[in-house]
Amino acid sequence: MVLSMTSPVTTISEIGKHEGQTVTIRGWLYNLRESGKLLFPIFRDGSGTIQGVVPKNAVPPEVFDAVKGLTQESSVIVEGKVRADKRAPGGYELDVSNVQVLQRVSEDDPFPISLKEHGVDFLMDNRHLWIRTPRQAAILRTRAEIIKAARDFFDDRGFVLTDAPILTPAACEGTSTLFPVDYFDEQAYLTQSGQLYIEATAMALGKVYSFGPTFRAEKSKTRRHLTEFWMVEPEVAYATLDDLMDLAENLISFLVNRCLEKRRADLQTMGRDVSKLEKIEAPFPRITYDEAVKMLQEGHAKGALETKFEWGGDLGSPDETYLSAQFEKPVMIHRYPAQVKAFYMEPDPQRAELALCVDVLAPEGYGEIIGGSQRIGSYDLLLKRIREHGLPEESFKWYLDLRKYGGVPHGGFGMGIERAVAWICGLEHVRETIPFARTLHRLYP
Ligand code: 4AD
Ligand code: MG
C-alpha cells in the first residue's frame, strides 16, 4: 500500500519554484537506471523531465519495490523533495519519498520506442507514442509557441482574425493540387489557402489574418511538403509590395525572438545552434528574381548546381536551397515572372511580365517559408487571368465583385507554420513539426 500524497501538485517545468519543498508530480517513467541499493528513475510529465533518487535505506520498502524494475512509460504519481543540482539537465533533482504506479506497462509488451535508434518509418507508424520522447515534445512545444507568437504579432498590430472556410468551390493555388470532396452532389474541394476569402474580409475590416489548416494534393515527396499544413495569412487593404516585405521580416524576427526568449531550453534539447537564430533581426536582404537568376547561374558555373537555371522558370527545391544558403538571414526574392505564379497577382507597372510578389527563403538551406503578393486590382485583368487559367468563372463571381465595389490596392502573404517550425527548430523534415503529419504515403496514425 502506498501512503496518500498530500503535498502540492506541480509540473516539472515549475519545479524550481519549490526548491527545498516536498511536491507531487504526475506523469510517466521515462527511464530507469539501477545501481544496487540506489534507483535513478527519470520522470516526465509533458512539461519536462527530472531525475529522481530512490535510496533503499531512505524510503519505505514498498516505495523502493514499486520503482525497482518499473517499465518505461508506466504512469506514476511521485512525491519528493526538490533539490537543486547543478549537474542535472533542468537544474533540479527529486529525492523521492512516495510513488504510486497507476498503470504498469507489461514486460511482455514493452513500450515500442526504446532509447536506442529507430528507423523513421517505424517512428512515424508509432507517432502517437513517439511524441512522448523529449525531443519530439520539445518540437511540439516550440510549434505551439510559434503559433501563439504569430497570433500575438497580428493581434497586437490591429489585425482582425477572420478565418476562411475549409470547404470551398474553387482553386486558389492551381487546379493540380486540389483535394476533391463530395458536397451533397456538388463538387467541393479542401481549401489550398484562405487568401481569396480574406481579401473580402480585408475590404470589410482593413487589416485581417486567417490561421487554419490548408490542403494540397501534392505528389511531391520532399522534406518540405505535407498534404495538410497550417498557414497564417495576413491580408491588408492599401498595402504595397514593400509594405508586405516589411511585415514579413518583422513577423519572422518576432517569431524567432519569442522562441529564443521562451523556448531556449527546448531548442537546446533539439541540439539547435541558437547562435544562428540570434542573427535573425530585420531588415532582411531583398533581391529581385533577376538577381536570383544571376546567382543561380554563377552557382552552376562554380559547379554547386547541376543544371543551369534559365530566366523564366520557377525556383525548384535545389535552387531555393542554394540561394538561401548564401545568406545568414532570410532572403526576400521579389518580382518573379508572372507566368510561374498564381493567377491573382498584380503585374509590375514597370514590367508587365513580372508579378508584384515575394517569396521569403529561410537561411541554412531551408527554402521558401512565405509566399505573397499584391493582388490584381483591375476587374478586366482579373477576369482575363481567370479565363487564361481555365478557372470556373461562376465560382469567382464574388471574388470579382471585390474589384467592382470600391477596389483598392491590397496584398498579403501566407506563412506555412510547419516550414517555419522546421527552420527555427533546425529539423531535417517537416514531418516532425506537426503532431500527426499527412504526406503522400501517410494517413496513419
Ligand atoms: O506560396 P503559397 O502556395 O501561397 C499561397 O497559398 C498564398 N495564397 C498565400 C497568400 O498570399 N495568402 O503557400 C504559402 C506558404 C509557403 O511559403 C509554404 O511556407 C507553405 O505555405 N506551403 C507548404 N507547407 C507545407 N507543405 C506544402 N505542401 C506547402 N505548400 C505551401
Ligand atoms: Mg509559394
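A cavity is here a set of points, on a 1 Å grid over the protein atoms alone, where a 1.4 Å probe fits but cannot get out; grid points are joined across faces, edges and corners, and a volume is the space filled by probe spheres set on the points. The structure is a predicted model, in which local features need pLDDT of at least 70 and side-chain atom pairs count only at pLDDT 80 or more, while totals for chains, interfaces and linings use all residues. Residues are numbered from 1 along each chain as its sequence is written, chains are lettered from A and ligands numbered from 1 in the order in which they are written, and side-chain values use heavy atoms, with hydrogens and water left out.

The lining of the second largest cavity (residues with an atom within 4 Å of a point) is formed by R223, R224, Y366, R419, A422, L427, E428, H429 and V430. Four of these residues are nonpolar, one is polar and four are charged, where Ala, Val, Leu, Ile, Met, Phe, Trp, Tyr, Cys and Pro count as nonpolar, Asp, Glu, Lys and Arg as charged, and the others, Gly among them, as polar. In the whole structure, three cavities of 30 Å³ or more were found. The largest cavity holds about 100 Å³. Its lining comprises 13 residues, with T168, A170, A171, L196 and Y197 nearest the centre; eight are nonpolar, five polar and none charged.

Ligand 1 sits in the largest pocket. A pocket is an open set of points with protein on both sides within 12 Å along at least five of seven lines, and a molecule sits in one if more than half of its atoms lie within 2 Å of its grid points. The shell around ligand 1 (residues with a heavy atom within 4 Å) contains 23 residues, the closest being E173, Q195, E233, E368 and I369. By class, this shell has seven nonpolar, eight polar and eight charged residues. Strand 11 (228-237), strand 15 (367-374) and strand 16 (410-416) each contribute at least two residues to the shell, and strand 15 provides the largest share, five residues. Strands are DSSP runs (E, at least two residues), numbered from the N terminus.

Key: Helices (H or I, at least four residues) and strands (E, at least two) are DSSP runs, numbered from the N terminus.
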